[in-house]
Each structure stands twice: as structure tokens, then as C-alpha cells.
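Let's take a walk through this model together, with the sequence and the structure side by side. Have both at hand and follow along from one stop to the next.

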Amino acid sequence: MTGKTDVSADADLDGDGDYTIYVIAVDDADEANYGSASTTITLDSPPDSVTGVTAGAGEGRVFLEWTAHPDADIDHYFVYYATHSGTDAIDYDGTDADIGSSPADVGNTTNVILGGLENGVTYYLRVTAVDEGGTESPLSAEVSASPTESQGSAELSGDTEGCFIATAAYGSYGHERVRALRAFRDRVLLASDAGRAFVKLYYRWSPPLAARLAAHPTARAAVRAGLRPLAWYAETVLSPTKSAVFAVFALGFGLALAGAARRKGRP
Amino acid sequence: MRKLILLGAALLLLSPAAAPAQDTYHLPQADQHWRESPRHFSAGFQVGMIFPTHDDVTDVYGTKGDAIYTLHGGWRMVHELELHAEGAYTFYEGNGVDPTGGKTKEKYKLHIAPAEVGLLYRFAFWPDQIVVPYAAGHYVYTYWFEEKLDSADKNRGLISGWSAQGGLMLLLDDIEKRASGRLESDWGVNNTYLVYQYKYMAVDDFGQDQDKTLDLSAQVHTLGVTFQF
């Protein structure tokens, strides 16, 4: 090419890697100066989309799996999720899952469990792969799953130990408030030594109390009334939205009390 | 003279062979119809497959069999009637069920340990009978423990029921006489049997509280060894 200082050309390059480009000047006598400028560029194509993505429902969680990416230089994967379907990465704005807000870096693995989700809500998910150069693949095909209550044989048959007193008061292991109290037991109480000690004590003494309670409707009604604030507290602690609303109200109430106390103290 | 001496020595050496076999034991009444060392007890172990039969279990764990391990022992009371006891262990693994009856991804494991006691009768009519059929009936008391994997959810309980079983015992003593002789002289094991057994277990608290009782009824096929001593 003559008189040009920047050109482009297509070339069938053999995969990613370093390529050196030489520019050789040739004069009118077709004499070439081979000691010309050269530069090296690194070609890093984005990985192909992740394939084989499947999602399965659990209780308050989604089980996500995919096929390991064939590229050897994959560093980690991103999981995109939302409560609505989408086409672009920006559409996936989920924040509920315990793996973090979308997109969540799940490391170099081929399966992940997204916990802390809401039963009955459909979640839409996609996965991408990121190579060591930081280049991200296109989004995988979208999959969806709805977390749902899960039962084993004991729960199917009704032969459960569960929350003895709450179950006796509400009459059903599957009652919404009994489920909230069970979830509070699993995710809050059992996470600490003091909580585990309390649960152990509860399971030791509650079965005979529950047996007596089941036979007395008046006592059951009284226990339900007493459990209502406890079940409400359990639901609030487990729900980020409700916790935030409760915190705002608690802060406002506290400030109002402080203001009233200061006014009373003035002479 | 020499011939007479040799004949006398031969008669002396060979005479024990002509004498009838004598038991040196005082046989219990039950054993006097055949001349063997007394058999008071039996013990053995079996391994096989258990197939649950009730929806409570099959909806979560399916109908395919799982391995079961059994130890058993008995005390021979009269003739071939034995007071018999068994202990076993197995576990099932499967995925949970959602309210619509579909499967979830939650994995469960159900451990079962039945303990049984009852009567067993062996149809042995003559000494060293090669194939001995038997039948038994037991009271069953089962401990079960179910856990949801990756979760703190656990349930456990005790359920009673009954079982009926029958099997075939193949006497191994004639197949390997040297080993069986050594077992008897060193350990007092009179007979060794290879055993196949089929059992039906109805473990549902005898039908009480159907809505609140886990039904662990199952069919069991096992193969094992029984020693009588």
C-alpha cells in the first residue's frame, strides 16, 4: 500500500496468543528495508458461552449446575439471577441470594446453591465464564426454578418432631407460622453455641408439654396468641426487607423517645 | 507261631473299627433321636436387599432396593423350635417431595435399625439333613432417623410391627468336612449352613394413627451364614 500510515487487514490467526506485526517499507526500486518497525499484540478472544446449565428447586434455594468450560484458562464463573426474565446482563438484578447480588462470583466451580430465596417465587438465571485475562463469555441460555417446600418421609407421613409446641398449637407442621419458627431455628439459633444449647433444651422438654397442649383447645389458643409476636419476630429477622422497615421504625421511635425525654428534662 | 501272632495283632488293631460308634456326651432329650453333639444355640449374619413398600418411603426414596445388614441369634427350646432375635441396619437416600408431589433437589437420608424377637422353627427331620427349610414370626421394634442433608432438619422415632420370614438352609458340613470338623472340635460349632431368607415386615405401629405414623413396611431378601453350636 502506498501513502498510507494506518491500514487494517484480515488474517486467519490460529487462536489466542501473542502476534508480532512487521511493517516493511519498499522504495520505487522494489528494494525493501527489512529493519522496519514491528509491534507485538496479544489476542485474547472471549470464551464461548457456558453450556449445560440446569436449575433445580429446593426449600428456599435453587441448585444450579453447568458443564465445565472446555477452555483451560477459565478463572471463575459469574451467576446472574433475577425474579424476572431478561436478555442482557443488566436485566439480572437479584439481591436475595446468600451468594451475593447479581452477578455473583462463584469461583471456579460447576455447581452452586443459591440460598435465602423465597418459596413460590420463580428465579431466572444465567452463567458466564471469565478467563484469566478477565475476558467474560456471553451469557448462557436462561434457566429458571421456583424454590418450594420440600418434605422427607417423616413430614409426608406427619410423624415429625419439628416444633413440638408450635405444631401442637397451630395443629399442623406445615402452618405458615410454624414454618417461620423452624426457619428461625435453622438459620439463627443453630448458628451459635447459645442457640444450639437452647434448641437442645427445647427438644428435651417440649414433647410432653406439646402432648398435653394438643388435648386442650383453650390452652392452644392461648399459646397461639403468645407465639404470634415470636413468629412475627422470626419472619422479620429472616426477611431483609422487613428487617430494614423494622429498623427504620425502631430508629424513628427511639429518636422520638429521646426528644421527649430531653424536653421533659428542660426547666 | 509267627502267623498266629500276626493274626492276633491284626485282630487287635482292626477290632475298634468293628465296634459301634458311641457318643460320649449325655445328650439332651431333644437330641437323642440322632447321635450328634448337642446344639443349643444358633448365630449368624446375613446381607441382602430391602425394598420399601409404602408411599411414605417410596415417594422420597423410590422402590429400588438398598443394602441391609443383619445379625441374628437364637436359643433352641425344644426340638427345632427356637427363641430367635435379630438386629439389622439399612439406610435409604433420595430427593424430597414438594407439595405438588414433584421432586425437589433437597437430599434426604433415612436410617433404619429394626430389632426383632420371636419364634423360629426349622423343618429338620433327620441328622445332617442337607436342605433345611425354616419359618419364623417376629415382633419388630424399629428405630428410624431421617435427616435433610446440608440442613439442620432432622426427625426420628420408634415404630413397632411384625415380620414373617421363611428360608432355606444348605448344610455345608458335607461339602467341606475337614473345615467343619475343625470348627466343631475348636469352636463347638455343630453345623454350618448357607442361608437364603425372604422376609415381609409390616412396621406401622399395627395400623394405629395412620395419619401420623411413618410406615416402614418392606420386603427383604438376604443371603448369609448360620452356625449351630
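Predicted model: local features only at pLDDT ≥ 70, side-chain atom pairs only at ≥ 80, totals over all residues.

What does the side chain of B:Arg76 meet in a salt bridge? The partner is B:Glu80, with 3.6 Å from N to O. B:Glu80 counts as buried too, at 5% relative accessibility. Both values fall below the cut-off, since buried means under 20% relative accessible area.

Elsewhere, salt bridges with shared partners link A:Glu59, B:Lys148 and B:Asp153 into one network. Within it, B:Lys148 and A:Glu59 form a salt bridge in which the closest N and O atoms are 3.3 Å apart. This pair crosses between chains: B:Lys148 sits in strand β5 of chain B, while A:Glu59 lies in the loop between β5 (54–58) and β6 (61–65) of chain A. Are these two residues buried or exposed? B:Lys148 is buried, at 5% relative accessibility, whereas A:Glu59 is partly exposed, at 21%.

Another salt bridge to look at joins the side chains of B:Asp66 and B:Lys64, at 4.0 Å from N to O. Here B:Asp66 counts as buried because its relative accessibility is 13%, and B:Lys64 counts as exposed because its relative accessible area is 54%. In general, side chains of opposite charge can pair when their charged atoms come close. Over all chains, the whole structure holds nine salt bridges, and the pairs on this tour are among them.

Now turn to the backbone, staying in chain B for a moment. B:Asp128 has a phi near 50 degrees, which is a positive value in a residue other than glycine. You will find B:Asp128 in the loop between β4 (103–122) and β5 (131–148) of chain B, and it is partly exposed, with a relative accessible area of 37%. B:Asp150 is also a non-glycine residue with a positive phi, in this case near 60 degrees. The place to look for B:Asp150 is the loop between β5 and β6 (154–171) of chain B. With 63% relative accessibility, B:Asp150 counts as exposed.

The last stop is in chain A. Which peptide bond is cis? The bond from A:Ser102 to A:Pro103 is, with omega near -5 degrees. A:Pro103 belongs to the loop between β7 (74–82) and β8 (104–107) of chain A.

Technical notes: Residues numbered from 1 in each chain as written. Chains lettered and ligands numbered in written order. Heavy atoms only, no water. Helix = DSSP H or I, 4+ residues; strand = E, 2+ residues; numbered from the N terminus. Buried < 20%, exposed > 50% of the residue type's maximum accessible area, 1.4 Å probe, protein only.
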